[in-house]
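Dear colleague,

I am handing over the structure that we spoke of, and below it you will find notes on what turned up when it was examined. Please read them with the model open beside you.

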Amino acid sequence: MSGSSLNHADELLFEEATRRERAAVHARELRVQLLAAAAFLVLAVALAVAEGGQRDLDLGLAAALVAAIALLHQVLLPVGHGFAVPTQLALVPALFVLPPAVVPLVVALGAVLGQVPRHVRGERHPERALLSLSDATYALGPALVLVLAGAPEPAWSDWPLYAAALAAQVGVDFLAAAWQNAMRLEVPAREQLRLMSDVWWVDLALSPIGLLAAMQHEWAFLVALPVAALLRRLASERDARMAQAVELSNAYRGTALLLGDVIEEDDAYTGEHSRGVVALSLAVADELRVGAHERRLVELGALMHDVGKLAIPKEIVNKPGALDDEEWAIMRTHTVEGQRMLDRVGGVLQEVGVVVRGSHERWDGGGYPDGLMGDAIPLAARVVCVADAFNAMTTDRPYRRARSTEVALAELRACAGTQFDPAVVTATEAVLRRHPDGVLPAAEAR
């Protein structure tokens, strides 16, 4: 996978998944884990007891498959809010060489053992051990389908049965994961479906290899394990690139925060104003449900929207009265100066520079410096523009007193469709209706 395919959304998901794995479990999440693990054990044991001995259990073969699954759990492919593991290379053969009713328990035992090295290395918090049990829930689907089919020997002519087993695996996996994530992480079902699609593509790609191994010999699954070694190599390289990308992204953010400190040191009002614009901009971005990359542009664009004022003479920036035409002409260069400064830093801050440049454009095309109109103005810049105006109106200045939230909102509504994007104004009003004092909680201003 080339470095160019690593976008900012991937970085955020990778960073969040890694952080969550190492963090202790909150009380609510622990309760969900206990319930999910208990439900899995009840269902898996009930299936094993009720199966009725359709196929003899070879303990040596079962132990080898447990070990294989444990080894496969050393291969972690970052996807969405978690990781994909290539367990199909062992799960599919297990369904045909063991009694399918005991396979979920075999998968669970292998998963638990496979996580031990990560716990020892500190890559996963010990309290998350219970997740290894509930993560094996997906094996219940195909096991039940094959039990109901009488545990037939593998044959290509039975491909409709195998398709049904794979569909059952996907369905059970989605229902279990969606429920757990909704309870634990508050991820909506539709978003969960999108995040898990990559996991299912991995399962779909590896299932034929597992089935082919099962058709050759009961121990043939061992031949497929080198595929896992190759996947681990690729996953390790991707992890390294992702970690570097996250580190670089954090460095850019650190640079932006440092520039924010410079702005505040240079002019206390501008620094305090920027912090207020950041908080409101992020809350509005969340109200608009923008993606992770766009949200980062909103955050850094709001933080940096006045950075160009460092190049504007102090007597103009701090003038207590109205600016004359010549002074306004100089002041209006601050967005271009801001972009120039951020272009010199490079990386993601070049994108932020575009937001800074567009933060004083108008929806009707009457803004500066480029006279952009409507959707031609970057969304992040439109959000910052509204937040900037609201904060400016509700803040005391030497030449006027602050306006109330209601008065400022009325002004925003009056200018929606001319100066401001109407959709952004609507989102801003929704945020401020929930927080009429203008003080945003940490959850919205994160």
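Is glutamate 337 buried, partly exposed or exposed? Glutamate 337 is partly exposed, because its relative accessible area is 23%, where buried means under 20%, exposed means over 50%, and partly exposed lies in between (1.4 Å probe, protein chains only). Before going further, please note that this is a predicted model, in which local features need pLDDT of at least 70 and side-chain atom pairs count only at pLDDT 80 or more, while totals for chains, interfaces and linings use all residues. Residues are numbered from 1 along each chain as its sequence is written, and side-chain values use heavy atoms, with hydrogens and water left out.

Salt bridges

Glutamate 337 forms a salt bridge with arginine 340, with 2.6 Å between the closest N and O atoms; a salt bridge here is a side-chain nitrogen of Lys or Arg within 4 Å of a carboxyl oxygen of Asp or Glu. Both residues belong to helix α15 (residues 334-345), where they are three residues apart, about one turn of the helix; helices are DSSP runs (H or I, at least four residues), numbered from the N terminus. An α-helix has 3.6 residues a turn, so residues three or four places apart point the same way. Arginine 340 is also partly exposed, with a relative accessible area of 38%.

A search of the whole structure finds twelve salt bridges, and a further one of interest joins aspartate 421 to arginine 382, at 2.7 Å from N to O. Aspartate 421 sits in the loop between α18 (405-415) and α19 (422-434) and arginine 382 in helix α17, so this pair ties together parts that are 39 residues apart in sequence. Aspartate 421 is buried, with a relative accessible area of 7%, and arginine 382 is buried as well, at 12%. Aspartate 364 and arginine 362 form another salt bridge, their closest N and O atoms being 3.0 Å apart; aspartate 364 is partly exposed at 32% relative accessible area, and arginine 362 is partly exposed at 25%.

Cavities

The structure holds three cavities of 30 Å³ or more. A cavity is a set of points, on a 1 Å grid over the protein atoms alone, where a 1.4 Å probe fits but cannot get out, and its lining residues have an atom within 4 Å of a point; grid points are joined across faces, edges and corners, and the volume is the space filled by probe spheres set on the points. The second largest cavity has a volume of about 50 Å³, and its lining includes Arg362, Arg382 and Asp421, together with Trp363, Ile377 and Phe420 among others. The lining residues divide into six nonpolar, two polar and four charged, where Ala, Val, Leu, Ile, Met, Phe, Trp, Tyr, Cys and Pro count as nonpolar, Asp, Glu, Lys and Arg as charged, and the others, Gly among them, as polar.

Leucine 109 lies in helix α5 (residues 103-121) and counts as partly exposed, at 45% relative accessibility. Leu109, Leu113, Val116 and Val120 make a nonpolar surface patch of about 370 Å²; such patches are made of residues with over 30% relative accessible area and no salt bridge, with nonpolar side chains (Val, Leu, Ile, Met, Phe, Trp, Tyr) joined within 5 Å, and the areas come from the Shrake-Rupley method with a 1.4 Å probe. Glutamine 115 also lies in helix α5, but is buried, with a relative accessible area of 6%.

Seven of the nine residues of α7 are buried, so this helix is largely enclosed by the rest of the structure.

Backbone points to check

Just after α7, glycine 150 takes a positive phi of about 85°. Alanine 151 has a positive phi of about 50° although it is not a glycine, and this residue is buried, with a relative accessible area of 8%. Arginine 289 likewise has a positive phi, near 55°, but is exposed, with a relative accessible area of 75%; its place is in the loop between α11 (268-287) and α12 (292-304). Finally, the peptide bond from tyrosine 368 to proline 369 is cis, with omega near 10°, and proline 369 is found in the loop between α16 (348-357) and α17 (379-393).

With best regards

Technical notes:
On a 1 Å grid over the protein atoms alone, a cavity is a set of points where a 1.4 Å probe fits but cannot get out, and a pocket is an open set with protein on both sides within 12 Å along at least five of seven lines; lining residues have an atom within 4 Å of a point. Patches are made of residues with over 30% relative accessible area and no salt bridge: like charges are joined within 9 Å, nonpolar side chains (Val, Leu, Ile, Met, Phe, Trp, Tyr) within 5 Å. Helices (H or I, at least four residues) and strands (E, at least two) are DSSP runs, numbered from the N terminus.
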